[in-house]
Amino acid sequence: MLERLNQALEYVDSHLGEHIEVSELARIAVTSEYHFRRMFSALAGISLSEYIRRRRLTVAGAEVLAGERTLLEIAVRYGYTSGEAFARAFRAMHGVGPGEARRTGAALHSQPRMSFRLIIEGSSSMRYRVVEKDRFRVVGKKVRVPLVHEGMNPAIADFIRSIDKGTLRRITALSDQEPEGIVAVSDNLDPSRAEGTELDYYHAVVTDAEVPEDLDALTVRAGTWAVFENSGPFPQALQYLWRDVFTQWFPSNPYRSRPGPEILRTRLSPDGAEAEAELWIPVERTEV
């Protein structure tokens with residue numbers, strides 16, 4: 001998988017002056033567009049679109065300093081519709097406009113060309129199982145919140161505190177299948193997975209029960225789920241679990257992610273410092 005991802009990145013670098021279709025990158029990597037975006041952002045730490053933007057502006061910066069083309073020619077070459085749009089993007093990355101950079105020979109920022117490699121540590125194993133589930137509902141309370149990569153998400157914490165105990169008891173009573181009890185469900189995320197983009201968060205249960213009128217519901221189609229378990233400091237261990245699934249498990253197993261909600265079942269220690277977790281990721285099998 002990593003070799004095919006690197007081939008896709010080679011394609012990016014050789015086509016920076018053209019419109020790059022994610023579908024073509026996914027074809028080279030022999031996976032779906034959805035999984036390609038997820039894998040890239042997990043491995044790179046930035047979204048695919050942001051990486052392409054930075055690479056274009058890095059190469060464009062070298063051409064600005066070289067002085068062989070006009071600034072408008074460079075802007076058009078790298079997909080900008082006007083010199084003004086190019087100047088804004090250039091300044092946002094390099095801290096200086098292209099005209100000033102050319103006149104003064106200013107130092108510019110650079111986005112290095114990426115490549116991925118797998119580091120085999122072998123110090124621990126990832127506990128997982130694969131589960132087939134029929135269609136079900138997520139039922140509870142829903143809110144739209146910003147994505148936070150590390151540490152507590154204040155918007156989610158405030159939302160959970162706003163749910164009264166009576167409502168929480170009614171939601172809990174609807175649980176009739178695994179993952180059992182109250183779960184945290186993330187859905188409708190931005191494809192980039194960039195910090196600050198928004199997602200639908202459900203404080204809910206997994207059920208086949210009828211949905212009370214005052215609760216929110218999400219219907220989830222039947223399919224395959226990979227279920228991962230870990231324990232450790234809260235919330236860092238849970239956030240690292242998401243990272244490890246995409247940087248370690250997917251490159252080593254014949255599965256890819258598919259569209260659908262991600263479900264986290266968490267059990268906290270009495271002092272709230274430690275947690276045991278189950279993370280449910282919708283997957284589909286790939287050709288070996």
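Phe36, Phe40, Tyr80, Phe86 and Phe250 touch the most other members of the largest nonpolar core, a set of 59 residues. The model is predicted. Phe250 reaches well beyond its own stretch of sequence. With residues up to four places away left out, Phe250 touches His35, Met39, Val245, Tyr255, Arg256, Ser257, Ile281 and Val283. Another core lies apart from the largest one and holds 14 residues. Phe136, Ala204, Val206 and Val227 are among the members of this other core.

The overall architecture of the chain was examined next. The protein chain comprises 10 helices and nine strands. Along the principal axes, its C-alpha atoms fill a box of roughly 70 × 45 × 35 Å. Of the 288 residues in the protein chain, 45% are buried. Among contacts with a separation of 6 or more, 73% link residues 24 or more positions apart.

Two packed helices are described by the distance between their axes and by the angle between them. For helix α1 (residues 2-14) and helix α4 (residues 48-66), the axes come within 10 Å. The crossing angle is roughly 40°. An angle under 35 degrees would count as roughly parallel, and one of 65 to 115 as roughly perpendicular. The α1 and α4 pair is therefore oblique. The crossing of α1 past α4 is right-handed. On the α1 side, the contact is made by Leu9, Val12 and Asp13. On the α4 side, Tyr51, Ile52 and Arg55 take part. By class, the residues of this contact comprise four nonpolar and two charged, with no polar residue.

His15 sits in the loop between α1 and α2. The relative accessibility of His15 is 19%, and the cut-off for a buried residue is under 20%. His15 therefore counts as buried. Beyond its neighbours within four places in sequence, His15 is in contact with Ile20 and Arg56. Ser41 belongs to helix α3. Ser41 is also buried, with a relative accessible area of 12%. Its contacts, leaving aside neighbours within four places in sequence, are Ile46, Ser47, Ser192 and Arg193.

Most residues other than glycine have a negative phi, and most peptide bonds are trans. Val30 has a positive phi of about 55°, yet is not a glycine. Val30 is placed in the loop between α2 (22-29) and α3 (33-44). The relative accessible area of Val30 is 55%, so Val30 is exposed. Asn188 likewise has a positive phi, near 60°, in a residue other than glycine. The loop between β3 and β4 (198-207) contains Asn188. Asn188 has 45% relative accessibility and so counts as partly exposed. The peptide bond between Glu178 and Pro179 is cis, with omega about -5°. Pro179 lies in the loop between α9 (165-173) and β3 (183-187).

Notes
Residues are numbered from 1 along each chain as its sequence is written. This is a predicted model: local features need pLDDT of at least 70, side-chain atom pairs count only at pLDDT 80 or more; totals for chains, interfaces and linings use all residues. Side-chain values use heavy atoms; hydrogens and water are left out. Axes are lines fitted to C-alpha atoms, for helices over the stretch in contact, and angles run from 0 to 180 degrees between N-to-C directions. Helices (H or I, at least four residues) and strands (E, at least two) are DSSP runs, numbered from the N terminus. Angles under 35 degrees count as roughly parallel, over 145 as roughly antiparallel, 65 to 115 as roughly perpendicular and the rest as oblique. A crossing is left-handed if the near helix is turned anticlockwise from the far one by less than a right angle, and right-handed if clockwise. Contact means heavy atoms within 4.5 Å. Ala, Val, Leu, Ile, Met, Phe, Trp, Tyr, Cys and Pro count as nonpolar, Asp, Glu, Lys and Arg as charged, and the others, Gly among them, as polar. Buried means under 20% relative accessible area, exposed over 50%, partly exposed in between (1.4 Å probe, protein chains only). A nonpolar core is a set of buried Ala, Val, Leu, Ile, Met, Phe, Trp, Tyr and Cys residues joined through side-chain atoms within 4.5 Å.
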